[in-house]
Amino acid sequence: MSINTIGVIGSGLMGGGIAQVCASIGRKVYLYDLEIGIIQKRLDTIIKSLDKQIARRRIDAQVKEAVSSNIIPTLDMNVMADCDLIIEAVAEKLELKQSIFGKLDKICKPETILASNTSSLPIVQIATATNRPDRVVGAHFSQPVPSMKSLEIIRALPTSDETYNAIYQLALDLNKVPVCSADVPGFISNRVLEIMVNEAICCVYEGVGTIEDVDKLMTMCANFPMGPLTLADFIGLDTVLHIMEVMYKGYGDPKYRPCPLLRQYVDAGWLGRKTGRGFFVYD
Ligand code: NAD
């Protein structure tokens with residue numbers, strides 16, 4: 001099955017990036033969010049970053065042209081009825097995702113594939129909110145979407161071969177490396193990554209080290225490109241907390257318990273880069 005028209009639900013960090021990469025390879029993309037101002041702000045950010053890359057001769061102007069002309073902002077989900085694929089990228093909340101998938105199931109043609117960019121939620125629980133569980137799959141992009149190489153594909157019990165293969169082919173078209181994960185809380189990437197991020201936050205909480213020292217050590221001793229606390233700010237602390245909660249509940253194992261300091265930061269609205277303050281302060 002070929003994927004020509006794509007709907008993206010949520011124009012946040014991930015939805016914006018997903019829309020950008022799909023548009024850059026010539027797919028028509030409807031980008032949906034709750035307010036037109038949110039979508040416009042995201043599109044402005046994308047165009048600014050493409051301008052910088054053109055100035056540095058990293059991409060040519062045609063990429064910007066493709067992105068600007070192929071993304072269509074919309075506040076009306078009904079325009080997505082004929083899309084071949086919808087990728088959902090709203091907040092990491094099961095009930096919200098289930099309700100969106102239920103709506104899309106009613107709106108979209110029977111062949112449309114419905115994918116979730118969830119970081120941790122069981123795809124099977126999203127799939128069963130629809131009458132087409134065989135056409136539901138996890139498509140877990142990494143941030144920043146344009147530069148990260150992998151696409152983790154989560155195959156739930158009811159996901160059909162045709163659905164899996166269509167996403168696998170899209171990954172190749174996007175010049176990404178598809179990796180298959182079982183449908184378990186956190187999948188492969190976040191099961192490994194977030195437990196390290198949470199442990200780094202525990203080190204700060206327990207006074208084992210300062211924020212700066214924890215990050216400094218992990219970049220220097222493990223050769224990570226950024227420290228776990230910088231990474232947490234980059235992902236968004238609300239998203240990190242949601243992922244830890246899903247894994248804590250899903251596995252019932254205390255090793256996934258979210259650090260109380262993470263909860264305090266989220267309660268304070270210090271969500272990382274997106275709010276200008278997390279473990280570090282941003283302009
Ligand atoms: P975000 O907060 O940046 O964006 C979420 C967007 O969804 C916002 O623009 C919000 O307005 C919109 N939204 C909320 N409710 C909506 C609704 N009912 N209908 C339409 N839009 C709605 O979040 P994000 O970081 O882009 O994360 C989105 C998803 O991607 C989450 O499931 C997250 O776990 C996953 N994810 C995040 C990362 C990361 O590094 N941040 C990486 C991989 C996957």
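Where do Tyr164 and Tyr168 lie, and how many residues apart are they? Both are in helix α6, residues 161–173, and they are 4 residues apart, about one turn of the helix. I will come back to that pair. One caveat before the rest: this is a predicted model.

I'll take the ligand first. There are 24 residues around the ligand, and the ones that come nearest are Asp33, Glu92, Lys97, Ser119 and Ile235. By class, that shell consists of 11 nonpolar, 9 polar and 4 charged residues.

From Lys97, a polar side-chain atom lies 2.8 Å from an oxygen atom of the ligand. As for area, the ligand taken alone exposes 830 Å², and the protein buries 85% of that.

Which elements give two or more residues to this shell? They are α1 (13–24), α4 (94–107) and β6 (136–141). Of the elements, α4 gives the most, with 3 residues.

Next, the aromatic rings. A pair of rings is described by the distance of the centres and the angle of the planes. The count for this model is 4 aromatic pairs. Buried or exposed, in the case of Tyr164? Tyr164 is buried, because its relative accessible area is 11% and the cut-off is under 20%. Tyr168, at 36%, is partly exposed. There is also a charge to mention: Arg155 lies over the face of Tyr164, 4.8 Å from the ring centre.

The other pair I want to show is Tyr265 with Trp270. The centres are 5.4 Å apart, with 80° between the planes, and the pair is edge-to-face. Tyr265 is buried at a relative accessible area of 12%, while Trp270 is partly exposed at 29%. Together with Phe279, these two residues form one aromatic cluster. Trp270 has a charge over its ring as well: the charged end of Arg277 sits 3.7 Å from the ring centre.

Last, the backbone. Most residues other than glycine have a negative phi, and most peptide bonds are trans.

Which two residues does a cis peptide bond join? They are Gln143 and Pro144, and omega is about -5°. Pro144 is in the loop between β6 and β7, the latter spanning 150–155. As I said, β6 is among the elements that give residues to the ligand shell.

Asn175 has a positive phi of about 65° and is not a glycine. Its loop runs between α6 and β8 (177–182); α6 is the helix that holds Tyr164 and Tyr168. Asn175 is exposed, because its relative accessible area of 56% is over the 50% cut-off.

Asn223 is another residue other than glycine with a positive phi, near 65°. Asn223 is placed in the loop between α8 (211–221) and α9 (228–235). With a relative accessible area of 66%, Asn223 is exposed.

That is what I have. Questions, please.

Technical notes: Residues are numbered from 1 along each chain as its sequence is written. This is a predicted model: local features need pLDDT of at least 70, side-chain atom pairs count only at pLDDT 80 or more; totals for chains, interfaces and linings use all residues. Side-chain values use heavy atoms; hydrogens and water are left out. A residue is near a molecule or strand if one of its heavy atoms lies within 4 Å of it. A polar contact is a pair of N or O atoms within 3.5 Å; within protein, one must be able to donate a hydrogen and the other to accept it, and residues adjacent in sequence count only if both atoms are side-chain atoms. Accessible areas come from the Shrake-Rupley method with a 1.4 Å probe; for residues, only the protein chains shown count as cover. Ala, Val, Leu, Ile, Met, Phe, Trp, Tyr, Cys and Pro count as nonpolar, Asp, Glu, Lys and Arg as charged, and the others, Gly among them, as polar. Rings of Phe, Tyr and Trp (its six-membered ring) pair if their centres lie within 6.5 Å; planes under 30 degrees apart count as stacked, over 60 as edge-to-face and the rest as tilted. Buried means under 20% relative accessible area, exposed over 50%, partly exposed in between (1.4 Å probe, protein chains only). A charge sits over a ring if NZ of Lys or CZ of Arg is within 6 Å of the ring centre and within 35 degrees of the ring normal.
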